[in-house]
Amino acid sequence: MIFDLFQREPLLDETTRDWIHEVFAWTMRHQGRETFFGGTRLVLPTPEFFPGRADSVHGMAQLVFDSVRGHAGLDHWPCRLQEPGAWVPQAYPSQALAVPIRAPHGSAMPVAQGSAALFSYTPELVANPEALIANFAREFAHHLAAAAPETPPAGEENWGHVTELVGVFMGFGIMFANTAFNVRVNSCGSCQGPAAERPGFLSRADLSYALALFCRLKDIPPSQARPHLKSGLRPFFRRALRDIDRNPGLLATVRGEVPPLADPALPGGYSKPF
């Protein structure tokens, strides 16, 4: 058709697109359809989702941490947020991780037994709540992904990328997309302080696509997410929605309605060339 000449190129190349779908399908298998469809919400950077105020940096970080933990469905999992400087490296995943490892939002779960998983943070990120939210969400995703009995597609060489996608799958896609670039703090006119960074792996386009995939899987109207995205991300989000709608078979694969697509020549199905 002549109109095909005027169609935009897809937001992502086919390899990247298929890999994101495959990681979502992998996460669905290990975290459960009931938890995803029955309890996972699109988390918004609003007081409704992150209520409360504290009179200290650590107090504010604790409030955000507790909210992220709750929205992630991990209230039953023993965790402790340490103050900066008290960080003790630990093996992943923590022994405290229990099955089921996530619970649908609002459901009551017995507290898992075991030693508490330890978390820390960069104090400067408290001044940028979305970056702090994404940072905590990625750390929780790190534990969840490491606890899965099956290695994620191309996960060993792209572990940071996988954990960000798991964070989007858990409902935190808006914060990941909005903070895809590093955040500079302590800058004032002619003086430039150190850069406080949320460790970032995926691009703005990748994260916008993953967020759009989350919304389509959950039948969430795009109007719920769009106002909370930075203006530069909204065109990416619109293109991603259009691309997903053009490939309903891939959406069915993530839902588990058809077998996953995989190239047997590549370990894990896809090898994302980051």
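In what follows, contact means heavy atoms within 4.5 Å. The model is predicted, so local features need pLDDT of at least 70 and side-chain atom pairs count only at pLDDT 80 or more, while totals for chains, interfaces and linings use all residues. Residues are numbered from 1 along each chain as its sequence is written, and side-chain values use heavy atoms, with hydrogens and water left out.

Q: Let's start with the overview: how many helices and strands does the chain have?
A: Helices (H or I, at least four residues) and strands (E, at least two) are taken as DSSP runs and numbered from the N terminus. On that basis, the secondary structure comes to nine helices and six strands.

Q: What share of the chain counts as buried?
A: Buried stands for under 20% relative accessible area, exposed for over 50%, and partly exposed for anything in between (1.4 Å probe, protein chains only). Of the 274 residues in the chain, the buried share is 51%.

Q: What percentage of the contacts with a separation of 6 or more comes from residues 24 or more positions apart?
A: Take the contacts in the chain with a separation of 6 or more. The part of them that residues 24 or more positions apart account for is 74%.

Q: H3 and H4 pack against each other; how are they oriented?
A: Helix H3 covers residues 57-71 and helix H4 covers residues 129-147. Their axes are 10 Å apart and meet at about 50 degrees, where axes are lines fitted to C-alpha atoms (for helices over the stretch in contact) and angles run from 0 to 180 degrees between N-to-C directions. Angles under 35 degrees count as roughly parallel, over 145 as roughly antiparallel, 65 to 115 as roughly perpendicular and the rest as oblique. The two helices are therefore oblique.

Q: How is H1 oriented relative to H6?
A: Helix H1 (residues 14-31) packs on helix H6 (residues 204-218) with axes 11 Å apart and an angle of about 50 degrees. That angle makes the relation of H1 to H6 oblique.

Q: How many polar residues does the contact of H1 with H6 have?
A: On the H1 side are Thr16, Arg17, Ile20, His21 and Phe24. They meet Asp206, Tyr209, Ala210, Leu213, Phe214 and Leu217 in H6. Alongside seven nonpolar and two charged residues, the number of polar ones is two.

Q: H6 also packs with H9; what is the orientation there?
A: H6 and helix H9 (residues 248-255) have axes 11 Å apart, at an angle of about 75 degrees. Leu213, Arg216 and Leu217 in H6 meet Leu251, Val254 and Arg255 in H9. The pair is therefore roughly perpendicular.

Q: Which helices do the buried residues of H9 pack against?
A: H9 is mostly covered, with six of its eight residues buried. These are Leu250, Leu251, Ala252, Thr253, Val254 and Arg255. Their packing partners are H1, helix H2 (33-39), H6 and helix H8 (234-245).

Q: Is Asn178 buried or exposed, and which residues does it contact?
A: Asn178 sits in helix H5 and is buried, with a relative accessible area of 5%. Leaving aside neighbours within four places in sequence, its contacts are Glu130, His228, Leu229, Lys230 and Leu233.

Q: How far is Pro149 from His30 in space?
A: Pro149 belongs to the loop between H4 and helix H5 (159-178). Its relative accessible area of 77% makes it exposed. Pro149 and His30 are 119 residues apart in sequence, yet their C-alpha to C-alpha distance is 8.1 Å.

Q: Asp219 is not a glycine; what phi does it have?
A: Asp219 lies in the loop between H6 and helix H7 (222-225). It is exposed, with a relative accessible area of 64%. Its phi is positive, at about 55 degrees.

Technical notes: Nonpolar A, V, L, I, M, F, W, Y, C, P; charged D, E, K, R; others polar.
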